[in-house]
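Trainee: Could you walk me through reading this structure with me, one feature at a time?

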Amino acid sequence: MESDVLLQMTDVCKSFPGVKALDHVSLTVRRGTVHALMGENGAGKSTLMKCLFGIYFKDEGTTLLEGREVNFKSSKDALENGVAMVHQELNQALKRSVMDNLWLGRYPTTGGFIVNEHAMLQETKRVFEELEIDVDPHQIMSTLPVSKRQMVEIAKAVSYNAKIIVFDEPTSSLTEEEVEHLFRIINMLRDKGCGIIYISHKMAEILRISDDVTVMRDGQWVDTRPAAELDNATLIKLMVGRELGSQFPPKTNEPGEVYLEVEGLTAQYSALKDVSFTARKGEIVGLAGLDGSGRTETLENIFGVATRHSGVIKLGGKTVKNKNSRQSIKAGFALLTEERRATGIFGIRNIRDNTVISSLKKHLKAHICLSEKSMHEDTKWAIEAMRIKTPNQEEKIRSLSGGNQQKVILGRWLLTSPEVLLLDEPTRGIDVGAKYEIYQLIIDLANEGKTVLMVSSEMPELLGVCDRILVMSGGRLAGEVDARTATQEEIMTLAAKFA
Amino acid sequence: MKNPVNALKQTSERYKTLDAKDRKKFWIDGLLNNAIYIILVIFLIYTYMKNSNIASASSAVNLLNLVAANLPMALGIGGCIVLTGTDLSAGRVVGLTGAISASLLQATTYINKFYADMGEVPIIAVILLAMLIGGIVGLVNGFFVAKFQLHPFIVTLATQLIVYGACLLYYMSNGNNGQPISGLSDKYTNFVKGTILPKIGGQSIPNYVIYALIVLAIMWFIWNKTPFGKNMFAVGSNPEAAKVSGVNVFLTTVMVHTLAGITYGYTGFIDAARIASNTANSGQNYESDAIAACVIGGVSFVGGTGTIGGVVLGVVLLRIIFVCLNYLAIDQNLQYIIKGAIILLACSIDMRKYLTKK
């Protein structure tokens, strides 16, 4: 079987300042198979692939491609040697056409310096036809939905005639139908003798599509097994390294009277339509649904950072305006945003500045001068209450880990004394230990009588932390389930209702 | 506040843990990050060897005067740079407000008076008017930047032209026919250039040094002690996060530009009497020196960083270089080339710190 090995990575190590991201990881991909790479966030899957692809340079270890040692210096180098990757984050030139994006960096030319538009169009059509992708090559990238852009990215990888194709979480923004389409493409590539490396969190997908599964944890190789020998429970155990039971803190909060009422919430510029629900004091309400189903939009419209078309928001029976974030904060709302880096942290500023920014008025002396002492005290409180790990308050927030950054932002909001917390993916990109702490903080908040609305893409998390789960689909509220009794299947069925 | 002794201790301890390759990098990084200061010291020593007059009291006071004249504008533009913006209209606003200040404060006995029939105008009214006009230009800049998300480069390029046009028209108006405005009243000249401070080494310190210190104190307070200052840094660092955090991004942006405009108006008022030769080209290219000073002083175009102390340092360093060039009797045309090279060098060193390496 030795000749069947297409790619062999042995004892790969990679360190970043302060972190050992990869610790002697090995991976063997056979010709004509799909090899799934699994592990939690931060397990090192993407880092390993970036080392293969020449985006990072590995510190130690060897990579053999068809028995020949390779060390790609750049992604261009990798692509030219038959290794392609469909990245998790889409790095596309959004203002350019589909065709331009497909041939970026290797435009077919006439005479070496004139771009041959005709050849480009023909080639694009050929690739799209082969893969049954229905996208106009002339369309501007930014006008396509994310799922179509994802398909273009896949077509691009395929068009390199690569021997190894890495798919990094390719289905996170695809509908069920598109996932089927992707699987047809993957099976086609497999039959052609390619080696596919497939990174995903979705266990059902992995078990269905892959031949072999390698599990990683905390930068280390854990196990490689044939997919046929695995099931959900075994996979989780391998990934988490312990039984699932201890993933969530005990639920101690007791929902009280109805506090927040949302009636007919409809957005001006997004698909959000006629969303009505209520939430109680001390209750944690989950918002489930696929990407783009309107979960984030619901929170943004309640908080007033997205423009509302119509709808009424009542707090304790009284209507609140919430036309912008300032009004919402005054009314007692707080919004923890989904994209921590893009809309949460002030990376270049220190922890204290990041903590007090929403509650500056509290620290005013004589209406004009900020008191360093009181800002220092509040930040100290936040660091202690949120258990933020930092040497001091002057540390720049970007040097903290994702979990600690999230705790700083949570602290920022608690200092505004909110009654309703809107949390959008509060544990995204956070390691397991820190997740548990965030869950505990959320439950503690509910214990204090706060109303919590929490959006998450991780269903176990919703089932483990929430009291009630609202399921959204296609911009509308598809239904509501009791978190204690609901199953993932039930939620998925509702999520597909209007999709 | 960081204790310098502790910081040094920490650095030396960290240094001990480095291997040979990293140690080399440590030194190279240290050299490059401080290159501008190292060059400055070498430059000063070289100038002193060529012309020892640079180490005199008159040279020091001259430097102080130049810094005082240039600092307020740099402090204003610094705010725009904190917001990742810039302001190209600054110099022309100085020209316009200078012309207006001079025309209102001519000696009543002067023959070619701009406003022939006007009596004496109180100085305080003129300085407020100059700051008001500067502030209005800044307000317009800020409004278009904040409302339409236009890049400040474009907005201020446009207002620069508009203000210059207004300035030319002003010089043509009232039968002045484009002539320089001179014959300033003694009160005005004394207010700016007179001295109430004791002499230092036989050199008198003009009053505008005191005013610059007052501006400095006010700006320090605004940047460090007011919610507006904190909001400015937040918006510069991440406008989206600032919006979600309840910061009024629109108002903050408008106010930063307005504040900058006010400093230009102030500079126009001072410069009209300080230089006392007011033509339509007064103030031209002032903004390039101010922007360069900010960047040299660590107010970075990446946004959200910079300190008042840094701006002061930047202005001082830049002025020292210019003073040295004069003492070395370097050709004026060549000075432009050297200035340009210094700005390029300073910006490269600054941005180098923010380049992400993998």
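Trainee: How many bridges join strand S13 (residues 258-267) of chain A to S14(A)?

Mentor: Two strands pair if DSSP finds at least two bridges between them. Here five bridges join S13(A) to S14(A), and the two run antiparallel. Glu261(A) stands opposite Thr278(A) in S14(A). Strands (E, at least two residues) and helices (H or I, at least four) are DSSP runs, numbered from the N terminus.

A word on the source: this is a predicted model, in which local features need pLDDT of at least 70 and side-chain atom pairs count only at pLDDT 80 or more, while totals for chains, interfaces and linings use all residues. Residues are numbered from 1 along each chain as its sequence is written, and chains are lettered from A and ligands numbered from 1 in the order in which they are written.

Trainee: Which strands stand at the edges of the sheet?

Mentor: The open sheet has four strands in the order S14-S13-S16-S17 (chain A), with antiparallel pairing. Strand S14 (275-280) and strand S17 (318-320) of chain A are at the edges with a single partner strand each, so one side of each has no neighbour in the sheet. From one strand to the next, the twist averages 20 degrees.

Trainee: What lies across S13, S14 and strand S16 (308-315) of chain A?

Mentor: That is helix H9 (residues 295-303) of chain A, running at about 105 degrees to S13(A). Axes are lines fitted to C-alpha atoms, for helices over the stretch in contact, and angles run from 0 to 180 degrees between N-to-C directions.

Trainee: How do H4(B) and H13(B) pack?

Mentor: Two packed helices are described by the angle between their axes and the distance between the axes. Helix H4 (residues 57-82) and helix H13 (residues 286-296) of chain B pack at about 70 degrees, with axes 8 Å apart. They are therefore roughly perpendicular to each other (65 to 115 degrees). The contact residues include Met73(B) and Ile77(B) of H4(B) and Ala290(B) and Ile291(B) of H13(B); contact requires C-beta atoms, placed from the backbone, within 7 Å.

Trainee: And how many residues of chain A are in contact with chain B?

Mentor: 25 residues of chain A are in contact with 20 residues of chain B. H10(A) gives the most to the side of chain A that touches chain B, with three residues.

Trainee: How far apart are the centres of domain 1 and domain 2 of chain A?

Mentor: Taken over C-alpha atoms, 34 Å separate them. Domain 1 covers 2-242 and domain 2 covers 247-495, with bounds from an automatic or database domain assignment.

Conventions
Contact = placed C-beta atoms within 7 Å. Parallel < 35°, antiparallel > 145°, perpendicular 65-115°, else oblique.
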